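Below is a set of questions and answers on one protein model. The sequence and structure come before the questions.

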Amino acid sequence: MSDRTMARQVLLFIWFLSLSSALGQVSYSIPEEMAKGSLVGNIAQDLGLDLKRLKSGKARIYTGDSAEYIELNKERGVLLIKERIDREALCGQKTPCALHLQIILENPMEWYSVTVEVTDVNDHSPFFKRAEMRFRISESAVTGAVFVLERAMDLDVGTNGLQTYLLKPTDNFLLKLQAQADGSKLVEMVLQKPLDREKQEHLSLVLTAIDGGDPQLSGTAQIHITVLDVNDNAPVFTHKIYKANIIENAVKGTVVTTVSASDLDEGSNGKVKYAITNTLDNVPELFEINETNGDVRVTGNVDYEKARHYQIHVQASDDGGLTDSCKIDVDVIDINDNKPLINIMSKLTTLSENSNPGTVVTMINVQDPDAGENGQIYCSINKNIPFTLKSTNNNFFSLVTDGDLDRERESEYNISVTCSDEGVPSLSSSVTLSLQISDVNDNAPVFEKSSYEASVQENNTPGLSIFTVRARDADFNQNARVSYILEDSSVNGVPVSSLVSVSADSGVIRAVRSFDYEQIKDFQFRVKAQDGGSPPLSSNVSVKIIIQDQNDNAPQVLYPVQSAASVVAEIVPRSADVGYLVTKVVAVDVDSGQNAWLSYKLHKATDRALFEVGLQNGEIRTVRQVTDKDAVKQRLTVVVEDNGQPSRSATVNVNVAVADSFPEVLSEFTDFTHDKEYNDNLTFYLVLALAVVSFLFIVSIIAILSVKCYRWRRERMFYKSGGNLPVIPYYPPLYADVGGTGTLQHVYNYEVCRTTDSRKSDLKYVRPCSESIISLDTSGTHTLTHAQRERLNFDDCDDQQKPPSGDWRFTQNQRPGPSGAAATPEVAVGTGPWPNPPTEAEQLQALMAAANEVSEATNTLAPGTMGLSTRYSPQFTLQHVPDYRQNVYIPGSTATLTSNQQQPQQALPPPQVAAAAQPEPPKAAQTPASKKKSTKKEKK
């Protein structure tokens with residue numbers, strides 16, 4: 001290549017560059033056949049881009065379906081030749097020849113159009129398709145006859161293309177060039193000198209085609225001319241130019257048009273033949289002509305997108321060698337036979353859910369090679385998605401966000417882009433874009449329940465899994481990874497972390513230690529669920545743990561107290577009736593529910609037939625009458641059992657002494673101490689306690705005897721006073737009334753009414769059969785010896801009294817005190833004498849009877865009260881006590897005054913004997929003193 005040519009190309013490059021800058025795009029001009037790696041241009045400088053932007057934006061070249069001849073060097077910001085460019089292969093005869101490419105940048109998305117014009121170099125010589133051309137020319141051809149020669153082809157364009165022809169020799173013919181409308185030249189050979197077959201029958205000429213390159217290149221073809229005999233008329237076409245239209249994709253054999261030529265000669269010289277003479281294009285491959293009738297038909301695939309117009313050159317020749325030519329202009333009519341072609345220029349595969357509306361997701365280029373309405377494109381996407389399609393340039397579209405994205409609602413979008421043309425019928429194509437929505441931490445964990453409640457058995461093993469709390473996080477991956485945290489709090493002053501723990505990964509709540517229902521029944525705490533996002537989000541929930549009771553505590557016996565230091569014995573009198581309450585076993589169980597339900601059973605007993613234990617209340621009662629044959633020392637083993645599974649129990653030993661007096665019990669009491677082995681110190685204390693008790697007992701006996709002596713002397717003083725003193729009712733302060741609120745339901749008062757002249761009184765108590773005296777005021781008791789009681793006591797059920805005195809037998813209305821307070825109409829009130837004073841023997845008899853009753857009351861008091869705990873109030877010891885107001889003997893008389901109407905006690909003879917007795921004297925009038933006495937007794 002010469003220096004002048006290079007200078008022209010440089011100037012042309014500068015001109016294109018300035019023109020491109022003016023149009024707002026970058027254009028370059030390069031010659032073809034440049035070596036690989038050659039510089040095209042500094043794109044970064046020309047676009048005003050930084051090299052860092054090219055790297056961070058992942059700059060690349062988009063060329064569509066075209067071959068990539070240009071590459072981008074992001075390190076230098078320049079465009080380089082990637083593949084050798086052959087302008088003739090790329091563009092053919094099309095000028096100018098340019099490469100159109102786009103520079104694509106990301107983050108944010110940008111694109112720039114770049115045009116690279118490829119200029120031609122003279123690298124191809126002109127050539128002829130046929131190296132030889134043959135003509136048969138009649139010798140009668142006149143001067144000026146024209147013969148069309150085959151045109152040469154030069155793949156170069158412009159000045160490097162075909163420029164002129166040379167014909168040698170020029171003795172008979174001259175070369176004539178005619179410019180065509182398409183810029184080509186029609187080559188004709190003109191006869192300038194008549195031929196003379198006789199002189200020269202064959203002529204050989206050389207046709208040379210020359211281009212305008214520097215240096216010039218050329219190609220040659222041989223012309224062989226055969227001189228014929230006379231044929232002086234050439235064929236003539238009816239039209240020099242024919243016009244025709246054909247639909248693309250026309251079926252093979254379709255007639256395009258018909259040409260016609262006439263020859264005035266006759267015979268073989270007038271027979272015309274037609275032929276297509278196109279040599280520069282592919283017309284001979286697409287069309288053919290019938291050489292006899294001139295019909296032009298389709299033989300190939302006519303494609304509007306490849307060529308919209310065809311020129312068919314037809315030559316008519318006769319047998320004499322004369323020819324004529326015409327041209328057929330064929331216009332191809334487009335049909336909608338191409339779908340829109342969708343090209344993805346750039347796209348994102350993932351998009352954050354917090355992306356702002358208007359974020360570019362994908363850039364699309366759509367092409368339709370059809371023309372007119374068939375090439376008009378309309379694109380759309382599926383509805384009800386937060387995206388829209390915007391047209392940024394001709395056939396360029398951008399898919400952008402059109403609303404808020406929520407990965408929890410939709411984590412993936414399959415966006416279908418459909419592009420349709422406006423042809424009839426319309427053709428369309430579509431592409432599906434898959435877009436993943438990346439997660440951001442915008443959702444806090446949510447527990448499955450608003451609060452949790454669980455139970456665990458007490459005495460659990462540490463580390464026991466109680467239950468599991470679960471929280472869900474609608475986010476994804478790390479943002480959805482939930483960790484569980486036990487919030488700091490305290491339960492009864494103890495950190496909750498010392499009670500339970502929470503697994504950070506699984507939410508399993510485990511017991512840190514063993515729980516005791518008796519110490520803590522339930523507790524609450526809060527668990528926080530926190531995700532792994534940044535910043536993390538959290539929520540909490542209340543958890544309540546209920547401790548379930550287990551039967552882990554045996555019953556505890558509160559009474560009787562089991563002590564190795566002393567022996568407690570319950571005393572049962574031998575006169576105890578059936579159902580007599582001996583004692584009550586009191587036990588508790590610190591467990592709850594049915595584990596604390598206690599039942600009592602008699603496990604062992606000296607005599608099982610004598611005692612029974614209440615199943616629910618633990619009361620030990622007699623089941624039969626106590627007899628003299630029963631052993632004094634009875635030992636009962638009571639089992640207290642709860643209702644748990646499995647049940648637990650405790651045993652208690654109850655010592656029972658069957659005796660009527662404390663000394664009798666005491667003699668047997670010491671035997672209990674030998675049931676167990678005690679140490680020496682304990683034995684010493686027991687002996688010391690027994691000595692102290694014995695001393696106090698002796699002192700009490702001496703005190704009682706002293707009181708008795710004192711009272712006896714006072715009675716003697718009253719007796720010596722003589723005189724009949726008026727009878728004044730006397731109410732001793734004995735037997736205070738107490739309310740019966742315990743297990744023993746009967747409460748009694750026992751009063752003895754005596755006159756002031758006691759020495760002359762005869763008093764006797766008659767007690768019911770099989771009843772015991774429980775309480776008696778010690779201030780008025782006199783203890784007798786056992787021999788005296790045996791001598792003075794009569795049979796309990798059949799007391800024999802001396803016959804009543806006829807002077808002192810009164811009716812019920814005549815008897816003084818509460819029993820005879822009410823008067824009857826039989827005797828006038830206030831009449832009747834007082835009885836005579838009793839004899840001294842009668843007084844002694846009454847005194848002994850009173851002493852006997854006092855002694856029995858004293859003996860009964862000890863068995864009924866000994867061994868009871870402070871749980872029982874004094875009123876609980878009063879059981880089955882007879883009312884001693886029932887029977888009162890008038891001093892000096894055998895008559896009995898009865899005030900208890902429900903249980904009349906009478907020691908008088910039978911009714912028959914009483915009826916035979918003398919009539920009762922009139923009843924004495926009621927004195928004010930007796931009325932006062934009656935009122936006081938009613939109050940009591």
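**Strand pairing, disulfides and salt bridges**

Q: In E49, which residue is the bridge partner of phenylalanine 611?
A: The model is a predicted one. E48 and strand E49 (residues 619-622) pair over 3 bridges, in the antiparallel sense. In E49, the residue bridged to phenylalanine 611 is threonine 622.

Q: What is the strand order of the open sheet of 3 strands that has antiparallel pairing?
A: Strand E45 (581-584) and strand E48 (611-613) are the edge strands, each pairing on one side only. The twist from one strand to the next averages 20 degrees. The order of this open sheet is E45-E49-E48.

Q: Is valine 613 buried or exposed?
A: Valine 613 has its place in strand E48. Its relative accessible area is 16%, and the cut-off for buried is under 20%. Valine 613 is therefore buried.

Q: What separation is found between the C-alpha atoms of valine 613 and leucine 602?
A: Valine 613 belongs to strand E48. Leucine 602 is 11 residues from valine 613 along the chain. Their C-alpha atoms are separated by 6.0 Å.

Q: How many disulfides does the structure hold?
A: One of them is formed by cysteine 91 and cysteine 97, with sulfur atoms 1.8 Å apart. Another joins cysteine 379 to cysteine 419, at an S to S distance of 2.1 Å. The number of disulfides in the structure is 2.

Q: What is the handedness of the disulfide of cysteine 91 and cysteine 97?
A: Both cysteine 91 and cysteine 97 are buried. The torsion about their S-S bond is about 70 degrees, so this disulfide is right-handed.

Q: How many residues apart in sequence are the parts that cysteine 379 and cysteine 419 tie together?
A: A disulfide joins cysteine 379 to cysteine 419. Cysteine 379 lies in strand E27 (residues 377-381) and cysteine 419 in strand E30 (residues 412-421), so the parts tied together are apart in sequence by 40 residues.

Q: What is the torsion about the S-S bond of cysteine 379 and cysteine 419?
A: Both cysteine 379 and cysteine 419 are buried. Their disulfide is right-handed because the torsion about the S-S bond is about 110 degrees.

Q: What is the relative accessible area of cysteine 709?
A: Cysteine 326 is buried, at a relative accessible area of 5%. Cysteine 709, by contrast, is partly exposed. The relative accessible area of cysteine 709 is 46%.

Q: What is the area of the nonpolar surface patch that includes Leu688?
A: Leucine 688 is found in helix H7 (residues 680-720). Leucine 688 is partly exposed, with a relative accessible area of 43%. The patch is made by Phe684, Tyr685, Leu688, Val692, Phe695, Leu696 and Val699, and its area is about 730 Å².

Q: How many residues apart in sequence are the parts that arginine 84 and glutamate 33 tie together?
A: The side chains of arginine 84 and glutamate 33 meet in a salt bridge, 2.1 Å from N to O. Arginine 84 lies in the loop between strand E5 (78-81) and helix H4 (87-91), and glutamate 33 in the loop between strand E1 (26-31) and strand E2 (39-41), so the separation in sequence of the parts they tie together is 51 residues.

Q: At what relative accessibility does glutamate 33 count as partly exposed?
A: Its salt-bridge partner is arginine 84. Arginine 84 is partly exposed, with a relative accessible area of 46%. Glutamate 33 counts as partly exposed at a relative accessibility of 30%.

Q: How far apart are the closest N and O atoms of arginine 407 and glutamate 408?
A: Arginine 407 counts as buried at 10% relative accessibility, while glutamate 408 counts as partly exposed at 23%. The two form a salt bridge, and their closest N and O atoms are apart by 3.7 Å.

Q: Which residue forms a salt bridge with glutamate 619?
A: Glutamate 619 counts as buried, at 10% relative accessibility. The closest N and O atoms are 2.9 Å apart, and the partner is arginine 621.

Q: What is the count of salt bridges?
A: Side chains of opposite charge can pair when their charged atoms come close. Among the residues involved are Arg87, Glu88 and Asp120, which are linked in a network. The count of salt bridges comes to 18.

Terms used:
Residues are numbered from 1 along each chain as its sequence is written. This is a predicted model: local features need pLDDT of at least 70, side-chain atom pairs count only at pLDDT 80 or more; totals for chains, interfaces and linings use all residues. Side-chain values use heavy atoms; hydrogens and water are left out. A disulfide is a pair of cysteine sulfur atoms within 2.5 Å. Buried means under 20% relative accessible area, exposed over 50%, partly exposed in between (1.4 Å probe, protein chains only). Helices (H or I, at least four residues) and strands (E, at least two) are DSSP runs, numbered from the N terminus. Patches are made of residues with over 30% relative accessible area and no salt bridge: like charges are joined within 9 Å, nonpolar side chains (Val, Leu, Ile, Met, Phe, Trp, Tyr) within 5 Å. Accessible areas come from the Shrake-Rupley method with a 1.4 Å probe; for residues, only the protein chains shown count as cover. A salt bridge is a side-chain nitrogen of Lys or Arg within 4 Å of a carboxyl oxygen of Asp or Glu. Two strands pair if DSSP finds at least two bridges between them. Axes are lines fitted to C-alpha atoms, for helices over the stretch in contact, and angles run from 0 to 180 degrees between N-to-C directions.
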